[in-house]
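Here are my notes for your reading of this structure. Please keep the view open while you go through the points.

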Amino acid sequence: MGILLHGEGSFAGQGVVYETLHLSALPNYTTGGTIHIVVNNQVAFTTDPTAGRSSQYCTDVAKALNIPIFHVNGDDAEAVAHVCELAAEWRQKFHADVVVDIVCYRRFGHNEIDEPSFSQPKMYEIIRNHPSSLEIYQNKLLNSGQVTKDDVEKIHICSISSLLCLGRLEYSCVVCIILFIQFSMFVTL
């Protein structure tokens, strides 16, 4: 199963994305469908969306081929998981591309030299005061009684040691998705 991970700026702005989408339904080039996951931080590096594209959504380029686009709130882990399942089912049933637009935010800027509050001061003031996606999901599970604080600690220890083994310890959106999956698997056991 083909899965491509995109940033919002590259999905909307790189010609290779549009060209690849146009090749996706040709008999000699088809892969049987690709799931395009767009990590939509709402600010492509430092560019405001209104200065980076003409359309409302960064994923609108897929509309040219009638590719379904699922927009989902990155702070809602279960909704992200549900939409990804729908996308996988679409791809399996219709052997065609599908786009998942995870609308989220970049907490620490684009890279280690970027200070996002220079170009987006209001947005980053809100982000700094907003709980992380992981905190939101943990609290949801704790408040519902599905897990205890001890369960949460065990999951954190497992996740952090796994990341340390990989030589990476960063809480990016993708890492949070991995943690959500681990969280969900733990809860269903």
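1. Where is the place of Y29? The model is a predicted one, and in this model Y29 sits in the loop that runs between α2 (15-23) and β2 (34-40). Its relative accessible area is 52%, so Y29 counts as exposed, the cut-off being over 50%.

2. Y29 also belongs to a surface patch. Together with L23 and L26, Y29 makes a nonpolar patch of about 290 Å².

3. Next, the aromatic rings. Searching the whole structure gives one aromatic pair. The pair consists of W90 and F94, with ring centres 4.3 Å apart. Their planes stand at 45 degrees, so the pair is classed as tilted.

4. Both residues of the pair lie in helix α4 (residues 77-94). Because W90 and F94 are four residues apart in that helix, about one helical turn separates them.

5. Now look at V72, which is found in strand β3 (residues 69-73). With a relative accessibility of 6%, V72 is buried, because buried means under 20%.

6. Which residues does V72 contact, leaving aside neighbours within four places in sequence? They are A79, V80, V83, V100, D101, I102 and V103. V83, one of these contacts, is eleven residues from V72 along the chain, and the C-alpha atoms of V72 and V83 are 7.3 Å apart.

Conventions
Residues are numbered from 1 along each chain as its sequence is written. This is a predicted model: local features need pLDDT of at least 70, side-chain atom pairs count only at pLDDT 80 or more; totals for chains, interfaces and linings use all residues. Side-chain values use heavy atoms; hydrogens and water are left out. Rings of Phe, Tyr and Trp (its six-membered ring) pair if their centres lie within 6.5 Å; planes under 30 degrees apart count as stacked, over 60 as edge-to-face and the rest as tilted. Helices (H or I, at least four residues) and strands (E, at least two) are DSSP runs, numbered from the N terminus. Buried means under 20% relative accessible area, exposed over 50%, partly exposed in between (1.4 Å probe, protein chains only). Contact means heavy atoms within 4.5 Å. Patches are made of residues with over 30% relative accessible area and no salt bridge: like charges are joined within 9 Å, nonpolar side chains (Val, Leu, Ile, Met, Phe, Trp, Tyr) within 5 Å. Accessible areas come from the Shrake-Rupley method with a 1.4 Å probe; for residues, only the protein chains shown count as cover. A salt bridge is a side-chain nitrogen of Lys or Arg within 4 Å of a carboxyl oxygen of Asp or Glu.
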